[in-house]
Amino acid sequence: MSDLHIRCATLSDIDAVLRFWRDAAEGTSISDDHDGVTRLLARDPEALLLAERDGVLTGTVIAGFDGWRCSAYRLAVHPGHRRQGIATALLEAAEERFAALGGRRVDAMVLEANEQAHRTWAARGYHREDHWRRWVKAL
């Protein structure tokens, strides 16, 4: 993995990230647009982590921290680059960020039907909490 580079996204990365998510991420979010990602980076410039190999975007994770909770979203690895340790490297970088910020626990958003993602998260020591449910309302 020495040729894998993980860095924070910048505003100039937004269009490439949105294209990447269409190919590599499961599901979509109401915030998957230029304005949504711009707001994320304006609020927390280090939250969106990108994995690159030879200058090519191969993975992402949003490592958000609001001062109370650590939240991981949009862990995605390009289908042609899976099973190469990229998700592991991204999660390690996210966890290091959270620890440096004083975080105590990571909550991860994982689609119920994405069995491959369940295995990825479990391999990193995450477990499912069935007594919680996510409640949402679009604004």
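Predicted model: local features only at pLDDT ≥ 70, side-chain atom pairs only at ≥ 80, totals over all residues.

Modeller: Arg74 sits in strand 4, which covers residues 70-77.

Biologist: Is Arg74 buried or exposed?

Modeller: Arg74 counts as buried, because its relative accessibility is 16% and the cut-off for buried is under 20%.

Biologist: And what is phi of Arg74 near?

Modeller: Phi of Arg74 is near 55 degrees, a positive value in a residue other than glycine. Most residues other than glycine have a negative phi.

Biologist: OK, Arg83 next. Where does Arg83 lie?

Modeller: Arg83 is in the loop between strand 4 and helix 3, the helix of residues 86-100. Its phi is near 65 degrees, again positive in a residue other than glycine.

Biologist: Does Arg83 count as buried or exposed?

Modeller: Exposed, because Arg83 has 84% relative accessibility and exposed means over 50%.

Biologist: Changing topic. What pattern does the protein chain follow along the sequence?

Modeller: The pattern is β-α-α-β-β-β-α-β-α, with 4 helices and 5 strands. The radius of gyration is 14 Å, close to the 14 Å that the globule rule gives for 139 residues, so the chain is as compact as a globular protein of that length.

Biologist: How much of the chain is buried?

Modeller: Buried residues are 35% of the 139 residues. The chain exposes about 9200 Å², with 51% of that supplied by carbon and sulfur atoms.

Biologist: Last one, charges. How far apart are the mean positions of the positive and negative charges?

Modeller: They are 4 Å apart, for 19 positive and 21 negative charges.

Methods:
Residues numbered from 1 in each chain as written. Heavy atoms only, no water. Helix = DSSP H or I, 4+ residues; strand = E, 2+ residues; numbered from the N terminus. Rg over C-alpha atoms; globule rule 2.2 N^0.38 Å. Buried < 20%, exposed > 50% of the residue type's maximum accessible area, 1.4 Å probe, protein only. Areas by Shrake-Rupley, 256 points an atom, 1.4 Å probe, with all protein chains shown as cover. Lys, Arg positive; Asp, Glu negative; His and termini not counted. Charge placed at Lys NZ, Arg CZ, Asp CG, Glu CD.
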